[in-house]
Amino acid sequence: MSLSDADIIAQIRAGAKPRFALLVERYQDQSMTLAVRMLRNREEAEEAVQDAFVRAYKALERFEGTARFGTWLYRIVYNVCLTRLTRRAARSAGRVDYDDEQGYEEQGGAPVMDHAEAADLARFIRSSIASLPVKYATMLSLFYLQDLSHEEICSVTDLPLGTVKTQLFRARALLQKELLKEFRPENTTV
Amino acid sequence: MNHLSQEELQDHAGGDLPDERAAAAADLHLRTCAECARRIDHFRALERALRSMPLERASEDLSRTVLKRLGIREGQSWLFTLFMNFAPLLALLAVLAVVHFILGRQPAGAPGQNSGEGVRTLFQFADKYSAVGIQSVNDWVGKYLAFMKGRGGLTGFLILFLGAIALLDKYIVMPLIRRRL
């Protein structure tokens, strides 16, 4: 029987520090997915995830257990990535990637794909998400991949519920638009 | 006919309509409106695709790297664990061996030296009472643990004794100390 997050945290607090590896292994892929969606660079995402786990360990005493450990951890991952995005924006003449309101079309629309790639819906959606503004890609990741509720996303991002719902709606609408463009009946790639 | 809004379609596809009445009204509309039924199918397909998206894989040694950055030692080898459990006992035995070696080096006859005389008296005192102790332990072992008599028996006894101490240390003493910490 696998230990619950609370059991592992209790063991770590009791002195079994190496048990933290269990939490890392349990959440590393989910955290990595969120970081990749936000930073769009695997190497940087890997560093951000490492930083987030180190911060989480150091702050573990302050984890009260009122929220799920995952939600609490994703908030740290989110903040670490946001800090990196802000630094990146400062380096590239003030362009803030996360809040970039430029839409999908302004960035050149759907990525160019060959026919074999277009036939793969999952791959298409993945590449489409990579072209969405970061905040929309982040929302989709938190909702569908980290499996958080709207309220949990609010606590991770510090955004109001209405904003979270609106961003999710816009993200899905943009994806849907691209899907229809790519997979509509008259399109020969389907 | 009023079509369902894009928001209603999305919410319905994701099972996220605000209440049962809204869901029932949307269902009714979808049964009679081919356009909305077609559009909601697209959202359902998108919903399914989003939920089945694979996760990004972190590197295999991520947990090791994180523990290293935190200065946490990973699981130790059984040899190291054994050593750590026996460490206090080994230290005590080492001190006893050193004391015994120093006392044993005192010359048998050196009456002129006060310090040497004192140590020799202490040694004789310790020797006398340890001999009594050893004898009584020997008697007790002979009476109740006869199987431990002889060299093989003593080895077995030592292994059992040290093993018991190691287990006591690992599963009772150390967990109690950690809980207090």
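Analyst: What follows describes the interface and then the salt bridges in and around it.

The model is a predicted one. At the interface, 30 residues of chain B are in contact with 43 residues of chain A. The two chains bury about 3500 Å² between them, with 63% of that area on carbon and sulfur atoms. On the chain B side, Leu50(B), Met53(B) and Glu56(B) lose the most area to chain A, and together they account for 20% of what that side buries.

Polar interactions also cross the interface. The rule finds 14 residue pairs in polar contact between chain B and chain A, both residues being at pLDDT 80 or more. The side of chain B that touches chain A draws at least two residues from each of α1 (6–13), α3 (34–51), α4 (62–70) and α7 (150–180) of chain B. By residue class, that side of chain B divides into 13 nonpolar, 6 polar and 11 charged residues.

One of the pairs joins two chains, because Arg57(B) lies in the loop between α3 and α4 of chain B and Asp29(A) in helix α2 (residues 20–39) of chain A. The closest N and O atoms of Arg57(B) and Asp29(A) are 2.9 Å apart. Arg57(B) counts as exposed at 57% relative accessibility, whereas Asp29(A) is buried, with a relative accessible area of 14%. Glu56(B), already named for the area it loses to chain A, forms a salt bridge with Arg37(A), and the closest N and O atoms of this pair are 3.4 Å apart.

Within chain B, Glu47(B) forms a salt bridge with Arg51(B), at 3.5 Å between the closest N and O atoms. Glu47(B) and Arg51(B) are 4 residues apart in helix α3 of chain B, so about one helical turn separates them. Glu47(B) is buried at 8% relative accessibility; Arg51(B) is partly exposed at 40%.

A network of salt bridges with shared partners joins Glu44(A), Glu47(A), Asp51(A), Arg84(A), Arg88(A) and Arg69(B). Within chain A, Arg84(A) forms a salt bridge with Asp51(A), the closest N and O atoms being 3.0 Å apart. This pair links distant parts of the chain, with Arg84(A) in helix α4 (residues 69–91) and Asp51(A) in helix α3 (residues 42–58), 33 residues apart. Arg84(A) is buried, at a relative accessible area of 14%, and Asp51(A) is partly exposed at 21% relative accessibility.

Technical notes: Residues are numbered from 1 along each chain as its sequence is written. Chains are lettered from A and ligands numbered from 1 in the order in which they are written. This is a predicted model: local features need pLDDT of at least 70, side-chain atom pairs count only at pLDDT 80 or more; totals for chains, interfaces and linings use all residues. Side-chain values use heavy atoms; hydrogens and water are left out. Contact means heavy atoms within 4.5 Å. Buried area is the accessible area (1.4 Å probe) that two parts lose on being put together, summed over both. A salt bridge is a side-chain nitrogen of Lys or Arg within 4 Å of a carboxyl oxygen of Asp or Glu. A polar contact is a pair of N or O atoms within 3.5 Å; within protein, one must be able to donate a hydrogen and the other to accept it, and residues adjacent in sequence count only if both atoms are side-chain atoms. Ala, Val, Leu, Ile, Met, Phe, Trp, Tyr, Cys and Pro count as nonpolar, Asp, Glu, Lys and Arg as charged, and the others, Gly among them, as polar. Buried means under 20% relative accessible area, exposed over 50%, partly exposed in between (1.4 Å probe, protein chains only).
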